[in-house]
Amino acid sequence: MTFKEKIHSHYLQMVQDRIDVFRDMISNLTEDSKNDAKGSAGDKHETALSMMHIEQEKLTNKLKEAITQKAILDKIDALKITENIISGSLVKANGIYLYLSVALPKIAIDGINVIALSPQSPLGSHLMGNKVGFTFEINKTHYTIESVE
């Protein structure tokens, strides 16, 4: 498995784990609200149900976001290597590894830090379509693309 495949696989698993956690939390809230409805009445009961409903909506939105992220990752071919930077490219710029996919937390693979970023982000949009040797500046920081996988 290549370095890029390991990164892709790790991020896919990370997003799938988030999806599973959000689904479990929503399921537990639904179960709690059903159980609470059986034995309670009055204002406290209505407030508790309302709070559970708000929390469930928040979790549902987070779940939708994670599902969207997984769909984007699923479309990326981790074996594809191009000269120009595209979604799914692993770029090394200024000694930093950047995985153009979706915005996700920094990870370490084989002791090397990798940052996943969206092609729509300020840095991602400067990288898209460019090649090794391209230089640019963001927030007074100069970047040079060292490699593209």
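User: What radius of gyration does the protein chain have, and how do you know how that compares with a compact globule?

Analyst: In this predicted model, the protein chain has a radius of gyration of 21 Å, whereas a compact globule of 149 residues would have one near 15 Å. The rule behind that comparison is 2.2 Å times the number of residues to the power 0.38. The box filled by the C-alpha atoms is roughly 70 × 35 × 25 Å along the principal axes.

User: Why are E1 and E2 said to pair?

Analyst: Pairing takes at least two bridges. Strand E1 (residues 90–93) and strand E2 (residues 96–100) have 4 bridges, so they count as paired, in the antiparallel sense. Val 91 stands opposite Leu 98 in E2.

User: What makes up the turn between E1 and E2?

Analyst: There are 2 residues between these strands, which form a hairpin. Asn 94 lies in that turn and has a positive phi of about 55°.

User: How do you know which sense E1 and E6 pair in?

Analyst: E1 and strand E6 (residues 141–148) share 3 bridges in the antiparallel sense. Since at least two are needed, they count as a pair too.

User: What share of the residues is called buried?

Analyst: Buried means under 20% relative accessible area, and 36% of the 149 residues in the protein chain are buried.

User: How many helices and strands are there, and in what order do they run?

Analyst: The protein chain has 3 helices and 6 strands, running α-α-β-β-β-β-α-β-β from the N terminus.

Terms used. Residues are numbered from 1 along each chain as its sequence is written. This is a predicted model: local features need pLDDT of at least 70, side-chain atom pairs count only at pLDDT 80 or more; totals for chains, interfaces and linings use all residues. Side-chain values use heavy atoms; hydrogens and water are left out. Buried means under 20% relative accessible area, exposed over 50%, partly exposed in between (1.4 Å probe, protein chains only).
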